[in-house]
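Please look over the sequence and the structure before reading on. The report below then takes up a few of the local features.

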Amino acid sequence: MIRARCGVVRQTRWFTLRLSAIAATVCLGCGQSACSAADDGLVGYWRFDSPAQSITDRSGHGHVAHVSGGKVVVDGGKRVLALDGRQQITVPSSRELDLCAGFSIAMKIKIDDLAQGHTILFKDGQYVLRINWPEEGSQLSFFPRAGGRWEPRVTADPPAPGTWTHLVATWDGHQSMLWVNGIPVAGVHAGKPPATSDAPLVIASSSPHGSGIRGAIEYLKIYRKKLSSKEILAEVFGLGDAHPSRSATTDFDFSRADSLANWTAQADASISRRGHQLVIHTKTPNSRAVNNRLGANIDKRDWLSLRMSVDKGSQARVLFVTTKGAGYLPLQTVADRKPHSYLIECWTQPGWGGELLALGLIPSDAAGSTAHIERLQLSEEPPFTDVRVERIFTDSTLARAGRPERIMVRLSSMTGAAGGLTATLSPPQGVMLKTPASQALPGLTYHDETELAWTVEAERPLTGTFSVAIRGARIAEPVSATETLTFQADLRLPKAEYVPVPVPAKSKYTLWTHYCPLWKTGTHMGWKLIEPWPEREPVLGWYNEGSPEVADWHIKYMLEHGISGIIYCWYRTNLNGPVKQQLGHAIHDGLLKARYLPMIRFGIMWENGCGQGVGSADDLMHNLLPFWIDNYFSNPSYARIGGKPVLYVWVPSNLRSQLGGSPNVRKALDAMRAECRRRGLGGLYLVGCVQHESAAELKAVAAEGWDASSAYCNNWKIPSQVTHVGHDYCAPFEGFVGQQESLWKFKRRLHALPDITTAMMGWDSRPWKETPFFWSDNTAQKFRDLCLRAKASMDSAPADDPVGKTLIFCCWDEFGEGHYIEPTRGKGFSYLDVIRDVFCEGSHGPADIVPADVGLPAVDSWYAAVRESAYVRPKKSLHAHAWQGEALALWKPMMGLGHVEVRDGVLRATSINADPAFVSPPLELRANRFTELVVEMRSRAPSGPVQLFWTTMTEPATSEPASVSAPTLADGRWHHYVLPVATNPHWGGCITSLRFDPATIKDAAIEIKSVRLE
């Protein structure tokens, strides 16, 4: 389903983790009053270290805090105010304490109890900082009331109960951020600040947004400016620049006797020198060693190397403060107590450069760890070659025994590899090598990728482990990787003329699957972001969705594994007029023209979260509903419950707000049913999605008269123990299995209305870069456990429950978000085979096959032809910064573009909607080397301004704040349009992609002669 690409993330629970290195910004406007610039923006500062009932405002602005309840105690050597949940702490209203576009909150607080929602800070009509209610996950959330609305909030993980938490919340008019112990989470919430408010500031006390807090509070500061990352991290980690005597060293060799001279322990760490090593013992995940007496120029010192052993955790962090900013460098570690060499490319982080003022090392994200550090060094060139094995996979999407197959190994070089590197493949027993086991690597340049291939043949069907080892003189330590691959039996079937007729499996359960129609080039990002994840390639290949043949293969796979219905995500693009939709190709061009359509049932889920909803009840009844009836509900293959067509709605609360409240929703639902009865359909069965344990929402949906609840994407709570993988973090999938079962039981126990059980095979949105968290170690066996629990839940449903035996899987094909049951190269048919085994009569059905097994051509031939056309011929370069002539073909259509080609040295296209966009090839460019992007373009008719978006390693999702625009001339002449990227504070670090929007209207003729960064 589309979410992050249109500004909404799972309604909105998770945002992309990123580190802003934007300098302190001035206020852009504050409603009815100007922002105060006194005291560097500090307008309120209260330390709760006195038993007095009136706490002085140390900012000098006279905003006295009134305290009733609580008790001053000593905690960690500091006097703080202990909270029992019944206290009242308020500050009288002041315009200086109102929200403005350049606003920050900083505080240190300890929260002992997450049993309910809690107010951390609240000013009515202005902003809320709170702990969400348990049914929402108990996360920390910050709501600036911008543009007259509270949502979207920015949300971070729940705080650890009973431990001190440093919080910073900022808003700059476009982006809201929440920093928790120095770790930032960001979200987009643009709009005008609210008008001034007479409401008092409520601190850690009961309010409409939650109860009072049990725990303690040390201090609170409010600024009328956006704090920079440098200011935030300097306070959190004590990385300030207070020391006059500084060292210019950037090579910390702990074998020297004086090597600990300027290093200090912080956050309950202890440090010592043992032999030739610095030893750090940690008590918390933030325990660290810090050197804040530095003064070295690092403009050309791009590499940080570290030699370290550690016994716990999955990630270390290197903290830095420079004259240009501050940040942290995450480093995935191996916790095996053995020394390893690690390498970080520092320049990719915003704020790196100028003078290095302070450096810190958090050796582990696990409390109670011990790390031994031999050396930490900054250098202009990498001290060793860093080659990594990215993927091991079979060349064919369904490998067969008894015939030659190719094992592919994808390698990358972070540094550029010297010669003399060798790769060796070790196959499992029962697999013969048909080519030499070892082969020399080709010359790898900086951040280069290559693929190696070995021909093998499996003697029999098997699942085994393949190992690859890389050896060479400049590799710091051996590089190796393993992957388990499966070889199926060679069926030797006769040639077929078309997709073989499905043989449906029999089941007493009604099994459906959600379907997300994203896989047609030019309608969405399509396969572009999935291709780097070859294990997610469907066994059908990179097919072109919207083909009847593809639909028939899908129908065959579904029916033969017990799935009898498909619920398609359905998107509207307009309001208050004849219906226009996007991404309808899978239904209209594929399914409805499929030969085997009569054998299966299909339905739609109105995606009214990212797609459009309704403008009014008239719009619903006179535009939307007739379209659905004519195109879908009247089709004899449309899904029904109790003889009535089924309509899923993704966000019932949006319909509530669009129609003016629950009573109007109930009237509208009744009117829809009546109209369907009038049209001879017997009524309408309405399913509202509720994906979390919210009694309030389920009761509201029941009161509105929905027939049943269900879900698309079951929400989850992030476990307390996670493993870091680069910038992301994960936990084993079995934790999600238990949480899904908990949601089913909650709905069944509440019994607000019937529920169609939803089973979700995982979540790993790294291709989309939608959330930093993912569920890892997903296997067919763990999925079997989920299915068995779902079966037990359905078996316990009351006999009169109309959907008690109905289960929907989420999702058939969401390869970007990482929840899919469609057969793929990495998982084969394993998920579908589990479904057949658990829910169907008899454990075996027809053999699982792909087109090649019956002599049919691959259904990805259309897409393969596009990839091999002139449009993608030029060789990609991660470091290219100018494109003209045939190189323009590297800019691909991201969305809203048709008739794309490079002809006569000009990139040409036509916009097929009002939001067309090109996307650059993957990049790795130093932002500080460029100040503007210049596009040579011709417009023959008014087509609106052009706009450029970009992503970076630390801001991997496009957003409106990270963009610049320029007007265009519609005179039919070539013009150079200059987009001043360096004027935007988000332009920094490593640029990873560019997105260029050439028009804002449909049917615009687009001609581009060159694109270049200068």
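What follows describes a helix, a sheet and a loop residue.

## Basis of the report

This is a predicted model, in which local features need pLDDT of at least 70 and side-chain atom pairs count only at pLDDT 80 or more, while totals for chains, interfaces and linings use all residues. Residues are numbered from 1 along each chain as its sequence is written, and side-chain values use heavy atoms, with hydrogens and water left out.

## Helix α1

Helix α1 spans residues 229-237, and Ser229, Ile232, Leu233, Val236 and Phe237 are buried in it (buried means under 20% relative accessible area, with a 1.4 Å probe and protein chains only). Seen down the axis of α1, the buried residues fall within an arc of 100°, so they line one face of the helix; the arc is that of the directions from the helix axis to the C-beta atoms. Helices here are DSSP runs of H or I with at least four residues, and strands are runs of E with at least two, numbered from the N terminus.

## A sheet of 4 strands

Antiparallel pairing holds together an open sheet in the order β33-β31-β35-β36, where two strands pair if DSSP finds at least two bridges between them. Its edge strands, β33 (438-440) and β36 (479-487), each pair on one side only.

Strand β31 (residues 422-426) is joined to β33 by 3 bridges, and Thr424 stands opposite Ser438 in β33.

## Asp172 in its loop

Asp172 lies in the loop between β12 (164-171) and β13 (175-180), and is buried, with a relative accessible area of 12%. The side chains of Asp172 and Lys226 are joined by a polar contact of 3.4 Å (a pair of N or O atoms within 3.5 Å; within protein, one must be able to donate a hydrogen and the other to accept it, and residues adjacent in sequence count only if both atoms are side-chain atoms). A polar atom of the Asp172 side chain also lies 2.9 Å from the backbone nitrogen of His174.

Note on methods. Buried < 20%, exposed > 50% of the residue type's maximum accessible area, 1.4 Å probe, protein only.
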